[in-house]
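User: Hi! I am new to protein structures and would like to learn how to read one, feature by feature. Could you take me through this one?

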Amino acid sequence: MSTTSIEDDALVLKSYIKSYPDFPLPGILFRDIFNVFQNTDGLKLLDNILKKYATEIAGTVDCVAMLEARGFLLGTLMALHLNVPCVPVRKKGKLPGKVAQLEYSLEYAKDVLEVQLDVLKEGKRVLVIDDLLATGGIWSDSGMKR
C-alpha cells in the first residue's frame, strides 16, 4: 500500500472519472466510474483506497451490501479486503425467494431495491456500497467524504 492518505489518493482517482452533463436528463451531471476499470493504474489506485479504508474499519463490519450494479464491482473488492460476506441488493424482481423492499428517489426517477430476507440478520453491522457518484455519493469539491 502507498503511504499517501485516502483523501490524497481519492483526488488522484477523481481524474479517472468522466463527467457527462445533462445525462440522463437535463440538469444532471453524471459521473461515470467505468473509466477507472478501463485503466490498470486507476483500478490499482481504487483497490488501494479500498484496502486502506478496510484497514481503518476492520472489525466494525459484518457484511457488505452491494447495490446494483456498480456497487457489485466495488462491494466485492471491499468485502474481500474486510474478509466478510457480500449481500447483493438488486432492483425489484431480480432476486428469488422472500425479499424486503425499499423505495427510493433519485433526482430523475423512483425505483425499488430488494434484498433477500434470509441473508441479513438483525444486529448485523452492514457497510453499504453504491456506485459512489451517481446518487450524490462521496465526492465533493474538496475531495472524498466519509
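User: How many bridges join E4 to E6, and do these strands run parallel or antiparallel?

Analyst: Let's begin with the ground rules. This is a predicted model, in which local features need pLDDT of at least 70 and side-chain atom pairs count only at pLDDT 80 or more, while totals for chains, interfaces and linings use all residues. Residues are numbered from 1 along each chain as its sequence is written, and side-chain values use heavy atoms, with hydrogens and water left out.

Now the general idea: helices (H or I, at least four residues) and strands (E, at least two) are DSSP runs numbered from the N terminus, and two strands pair if DSSP finds at least two bridges between them. Here, E4 and E6 are joined by 2 bridges and run antiparallel. Within this pairing, Lys-91 has Leu-113 of E6 as its bridge partner.

User: Which residue stands opposite Leu-102 in E6, and how many bridges pair E5 with E6?

Analyst: Leu-113 is the residue opposite Leu-102. Strand E5, residues 99-105, pairs with E6 in the antiparallel sense over 7 bridges. Between E5 and E6 there is a hairpin of 4 residues.

User: How many residues of E6 are buried?

Analyst: Look first at the relative accessible area: buried means under 20%, exposed means over 50%, and partly exposed lies in between (1.4 Å probe, protein chains only). In E6, 5 of the 7 residues are buried, so the strand is mostly covered.

User: Which residues form a nonpolar patch on the surface?

Analyst: A patch is made of residues with over 30% relative accessible area and no salt bridge; like charges are joined within 9 Å, and nonpolar side chains (Val, Leu, Ile, Met, Phe, Trp, Tyr) within 5 Å. Accessible areas come from the Shrake-Rupley method with a 1.4 Å probe, and for residues only the protein chains shown count as cover. Here the patch consists of Val-119, Leu-120, Val-126 and Val-128, which together have about 270 Å² of accessible area.

User: You mentioned salt bridges. How many does the structure hold?

Analyst: A salt bridge is a side-chain nitrogen of Lys or Arg within 4 Å of a carboxyl oxygen of Asp or Glu. The structure holds 4 of them. Among them is the one between Lys-52 and Asp-9, with the closest N and O atoms 2.6 Å apart. Lys-52 lies in helix H3 (residues 40-57) and Asp-9 in helix H1 (residues 6-14), so this pair ties together parts that are 43 residues apart in sequence. Both Lys-52 and Asp-9 are buried.

User: Which salt bridge does Asp-62 take part in?

Analyst: Asp-62 meets Arg-125 in a salt bridge, at 3.0 Å from N to O. The two sit in distant parts of the chain, 63 residues apart: Asp-62 is in the loop between H3 and strand E3 (63-67), and Arg-125 is in the loop between strand E6 (110-116) and strand E7 (126-129). Asp-62 is partly exposed at 24% relative accessible area, and Arg-125 is partly exposed too, at 39%.

User: How many aromatic pairs are there?

Analyst: A pair of aromatic rings is described by the distance of the centres and the angle of the planes. Rings of Phe, Tyr and Trp (its six-membered ring) pair if their centres lie within 6.5 Å; planes under 30 degrees apart count as stacked, over 60 as edge-to-face, and the rest as tilted. The count here is 1 aromatic pair. The ring centres of Phe-23 and Phe-30 are 5.4 Å apart and their planes are at 80°, so the pair is edge-to-face. Phe-23 is partly exposed at 45% relative accessibility, while Phe-30 is buried at 11%.
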